Amino acid sequence: DIMRQMPVEGKLFKAVDAVWREAMQNTFDAPGVITTARREGLLDSLINANAKLDTIQKGLADYLETKMVAFPRFFFLSADELLEILAETKEPR
């Protein structure tokens, strides 16, 4: 499981996911654009989540790089394809 291989990024992703789900639930509960746009702390939480996503993206790129070095044939795959392969493996190392 990739989340076990990347615990810091996994924890950050769960935090970002929680922020997004809360924002979407609040928007569902009060769908007006003015209400949503004026929601206290929404912009700051989304900016913070975006910064965390940048950290996650860098960590994921580093992780994929280590897999490519270990298995040079992976250099011919896109990041998405490599993630799909790694997600299907039983014991990623």
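1. Leu 42 is found in helix α4, where helices (H or I, at least four residues) are DSSP runs numbered from the N terminus, as are strands (E, at least two). Leu 42 is buried, with a relative accessible area of 15%; buried means under 20%, exposed over 50% and partly exposed in between, with a 1.4 Å probe and protein chains only. Apart from neighbours within four places in sequence, Leu 42 is in contact with Ala 23 and Thr 36, contact meaning heavy atoms within 4.5 Å. Leu 42 and Val 19 are 23 residues apart in sequence, and their C-alpha atoms are 9.1 Å apart in space.

2. On the source: this is a predicted model, in which local features need pLDDT of at least 70 and side-chain atom pairs count only at pLDDT 80 or more, while totals for chains, interfaces and linings use all residues. Residues are numbered from 1 along each chain as its sequence is written, and side-chain values use heavy atoms, with hydrogens and water left out.

3. Ser 45 also belongs to helix α4. Its relative accessibility is 24%, so Ser 45 counts as partly exposed. Between Ser 45 and Ala 23 there are 22 residues of separation in sequence and 9.1 Å in space, C-alpha to C-alpha.

4. Gly 41 lies in the loop between α3 (33-37) and α4. With 35% relative accessibility, Gly 41 counts as partly exposed. Gly 41 and Gln 5 are 36 residues apart in sequence, with 32 Å between their C-alpha atoms.

5. Trp 20 is found in helix α2 (residues 7-29). It is partly exposed, at 48% relative accessibility. From Trp 20 to Gln 5, 15 residues apart along the chain, the C-alpha separation is 24 Å.

6. Two packed helices are described by the angle between their axes and the distance between the axes. Helix α4 (residues 42-70) and helix α5 (residues 79-88) pack at about 75 degrees, with their axes 11 Å apart. Axes here are lines fitted to C-alpha atoms, for helices over the stretch in contact, and angles run from 0 to 180 degrees between N-to-C directions. The two helices, α4 and α5, are therefore roughly perpendicular (65 to 115 degrees; under 35 is roughly parallel, over 145 roughly antiparallel and the rest oblique).

7. Which residues make the contact of α4 and α5? On α4 they are Leu 60, Tyr 63, Leu 64, Lys 67 and Met 68, and on α5 they are Ala 79, Leu 82, Leu 83 and Leu 86. The contact divides into 8 nonpolar residues, no polar and 1 charged. Ala, Val, Leu, Ile, Met, Phe, Trp, Tyr, Cys and Pro count as nonpolar, Asp, Glu, Lys and Arg as charged, and the others, Gly among them, as polar.

8. The whole structure holds 1 aromatic pair. The ring centres of Phe 71 and Phe 74 are 5.4 Å apart and the planes are at 55 degrees, so the pair is tilted. Rings of Phe, Tyr and Trp (its six-membered ring) pair if their centres lie within 6.5 Å; planes under 30 degrees apart count as stacked, over 60 as edge-to-face and the rest as tilted. Phe 71 is partly exposed at 36% relative accessibility, whereas Phe 74 is buried at 11%.
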